[in-house]
2 protein chains.
Amino acid sequence: MIMSRSEAPPVKDTAATGDLLDRLLAGLPGDAVLTDLDVTASYANDMASFCPAGAPAVVVLPRTVEQVQHVMRTATALRVPVVPQGARTGLSGAANASDGCVVLSLTKMDRILEINPVDRIAVVEPGVINAALSRAVGEHGLCYPPDPSSWEMCTIGGNIGTASGGLCCVKYGVTAEYVLGLDVVLADGRLMSTGRRTAKGVAGYDMTRLFVGSEGSLGIVVRATLALKPQPPQQLVLAAEFASGAAACDAVCRIMEGGHVPSLLELMDRTTVRAVNDLAHMGLPESTEALLLAAFDTPDPAADLAAVGALCEAAGATQVVPADDAAESELLLQARRLSLTALEAVKGVTMIDDVCVPRSKLGEMLEGTERIAEKYQLTIGIVAHAGDGNTHPTVCFDAADPDESRRARESFDEIMALGLELGGTITGEHGVGFLKKEWLAREIGPVGIEMQRGIKQVFDPLGILNPGKLF
Amino acid sequence: MIMSRSEAPPVKDTAATGDLLDRLLAGLPGDAVLTDLDVTASYANDMASFCPAGAPAVVVLPRTVEQVQHVMRTATALRVPVVPQGARTGLSGAANASDGCVVLSLTKMDRILEINPVDRIAVVEPGVINAALSRAVGEHGLCYPPDPSSWEMCTIGGNIGTASGGLCCVKYGVTAEYVLGLDVVLADGRLMSTGRRTAKGVAGYDMTRLFVGSEGSLGIVVRATLALKPQPPQQLVLAAEFASGAAACDAVCRIMEGGHVPSLLELMDRTTVRAVNDLAHMGLPESTEALLLAAFDTPDPAADLAAVGALCEAAGATQVVPADDAAESELLLQARRLSLTALEAVKGVTMIDDVCVPRSKLGEMLEGTERIAEKYQLTIGIVAHAGDGNTHPTVCFDAADPDESRRARESFDEIMALGLELGGTITGEHGVGFLKKEWLAREIGPVGIEMQRGIKQVFDPLGILNPGKLF
């Protein structure tokens, strides 16, 4: 990924910045306020390519709700923009700094406050790492399903801000479905609670859901009540090879139409399979055009895999290999989880798209993406949460080559246009951020944008919360 | 339930009303505009008690999106309030008319436009009856889980407006989780599309979810894209008798803590059991203090019922009776489904509360409700979606007795106060409407109310959409 940065000079310790720092330090400990230019610069970007990032005036690392309130009151008083950040693993530039902003990193608020196995909830601070929560609830026989690829690094607050997904979604849904209630610090520093800690609740407009995916543009999430599920049985994985992407997509349709509920249904194209082999020597079958991975965490996964294997064969699979055990299954998943890193290694830089289409259109999406790769003479690997119709066409390019970079950007946009044409969305799980804000307007139309701007105005009348993102 | 009506005289055909009718008739067929006073009066109420209802100026029954747009443009031009309605089976007064309003009944827009088994979605108009959709998707091997008690009568649009739940929620969640995208006519007649028809999508703020449960206060839902699930196996039901509500609630906690995922986990107290026997001679065990019904729609429901039966016995169940087959299971469910009707028959009128508490607090909720019944010398039957902690304490009273009516209203409020005290919500699935609007403010606080009012203002600057509800 490109760690691009705008050409603006680093912020100097002007009178205005001095005032900002003095005011911040009146309510934050010294070690929670970072001003060293090398340090603050390291907070400028998330992992998106082609997104400008400014130089923060300061990075703050509050540890309490009161400290976050102090930061927001200060920012409101001085009309300074605030960019909230988690682990900066996002892929849309939503966490990129703007010049002179306060970067509000929530990573130090990382306590798991409660795990309740009867109510099946956890209450956490926003900086808790996704994997840390998964492990902690696992000790109680529980499971927090959302599993973005960056789960070992990314934070729950970041997951909420970007409404992230993962491999589990085909059965277990996305982050949004696990957020029951939030404590939010508003732009002016006031604290608001949304939602509930009960299984159900419909008191007023669903403010919780409004914050999920709002990319820090409406307020700062400082606490979340999350729904948990019982830990399912260990899943068993099947790999099926196909001689064409179309055949693999046909298999996906047959599986879903057949009423099966896989815990994972992933697709890797040949480019991706080869990239993974090159990176990790995993011995995946390079002769394949498309590799489909299906998993079940049901009471009898072998039976489910047999049924799904038969459907793959009916769709023309050239080989169907069910894993015999958990170890083999884990190896296949490793290959899938390495895909994006492997594609990044192909040319040094990638742009990862995130177009979700109705799954019945998945075949057309794959075919169209291949046409686009050909048109722009680019390597575009495709990994997809196939069961959800959520594709990640990943453009591999050499950032030092201006023409290839231009073609990469253009192909990226053409892939989104194709997704919309097929009745899909420009983002299934990565969000809009800076990267896709022009495309958001195209997807939701002028009336939608007008209403969304109206909502933004209600929560952030001064426009200090993560400006320049989303719209 | 009381069909109360405010004392305001029926609207006369004044010049203003004449203008309204003329304008409406310019874009609606004559049979879609009802003005006969007896007819319009019959559209004044939903099924809530203690909620005032005014006399509509007119009832309109549009059949197309364009006709709804015409109605809203007319209402905006003349500043006339509009009260959207489905089947008026709601229990919070959210669909009650206000004096001189246009009642906008969506019941004639009742087409199922699409059922797609690969994408697992249905596209419907708002007036489709819940049960009609369930049956239609069932023919494709699919299932639309949300099943409010009124499912044979209530409409999908009403379900969306009130964010309704049902028996299935403990496993399958509430209406909100099945609404992927909406077409909405705004207050000024413009059309806005929200959401998606894909499995995932995070483009911008979640406007779809904002409309779910908004009780017609933000816009008129004219089309919905709904998620479907594969039809699960036929569920098998177990009944367990307990000598106390506390023991039954202990069983609920053990079942949920044990990681079980019942498709239904319902509780009926002795008052309810007796009422059902009185109404339908079902031979339920009247010696019991609390009857728990658990169901599983898993591949091996008998095994799951055996495990859950053992947990019930460990919690002190006096008898555990698993149904042998689907017919026996259906009989037990019939008893549960008849509960509210049966309680209504006790004294002629009921107030059905809808307090949801963390399920670990269910025992305290039951105990507290019994204390309240004693304090006010009232019969309060309790049915509960126990697995969700969602109780429906149902106050039975004689509406002709002013003192008993007063006590009924006071006990109803005290039950909500108890729910909030236990960390719960004033409404798990019935909504706020008119009935609970003072309580909404108490639950979400002044900052929450301010933000919700702000959102309302964005969508409905003239305040013509279902005024007087929610806030």
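Buried area is the accessible area, taken with a 1.4 Å probe, that two parts lose on being put together, summed over both. This is a predicted model, in which local features need pLDDT of at least 70 and side-chain atom pairs count only at pLDDT 80 or more, while totals for chains, interfaces and linings use all residues. Residues are numbered from 1 along each chain as its sequence is written, chains are lettered from A and ligands numbered from 1 in the order in which they are written, and side-chain values use heavy atoms, with hydrogens and water left out.

Select chains A and B together to begin. The area buried between chain B and chain A is about 5700 Å², and carbon and sulfur atoms give 63% of it. Within chain B, colour B:Lys200, B:Val202 and B:Tyr205, which lose the most area to chain A and together account for 17% of what that side buries. If contact means heavy atoms within 4.5 Å, chain B contributes 72 residues and chain A 71 residues to it.

The same surface serves both copies, since 99% of the contact residues of chain B recur in chain A.

Now turn to the helices, which are DSSP runs (H or I, at least four residues) numbered from the N terminus. Axes are lines fitted to C-alpha atoms, for helices over the stretch in contact, and angles run from 0 to 180 degrees between N-to-C directions.

Select residues 402–421 and 437–459 of chain B, which are helices H14 and H15; their axes come within 11 Å and cross at roughly 15°. That makes H14(B) roughly parallel to H15(B), a label for angles under 35 degrees, whereas those over 145 count as roughly antiparallel. Show the side chains of B:Asp413, B:Met416, B:Ala417 and B:Leu420 in H14(B), which meet B:Trp439, B:Arg442 and B:Glu443 in H15(B). These residues divide into four nonpolar, no polar and three charged, where Ala, Val, Leu, Ile, Met, Phe, Trp, Tyr, Cys and Pro count as nonpolar, Asp, Glu, Lys and Arg as charged, and the others, Gly among them, as polar.

Stay in chain B and select residues 245–257 and 362–375, helices H8 and H13, which pack at an angle of about 160° with their axes 8 Å apart. H8(B) and H13(B) are therefore roughly antiparallel to each other. Their contact is made by B:Gly245, B:Cys249 and B:Val252 of H8(B) and B:Leu362, B:Gly363 and B:Leu366 of H13(B), and by class has four nonpolar, two polar and no charged residues.

Finally, move to chain A and select residues 362–375 and 402–421, helices H13 and H14, whose axes are 10 Å apart at an angle of about 155°. H13(A) and H14(A) are therefore roughly antiparallel to each other. Among the residues that meet here are A:Ile372 and A:Lys375 in H13(A) and A:Leu418 and A:Gly419 in H14(A).

Conventions. Helix = DSSP H or I, 4+ residues; strand = E, 2+ residues; numbered from the N terminus. Parallel < 35°, antiparallel > 145°, perpendicular 65-115°, else oblique.
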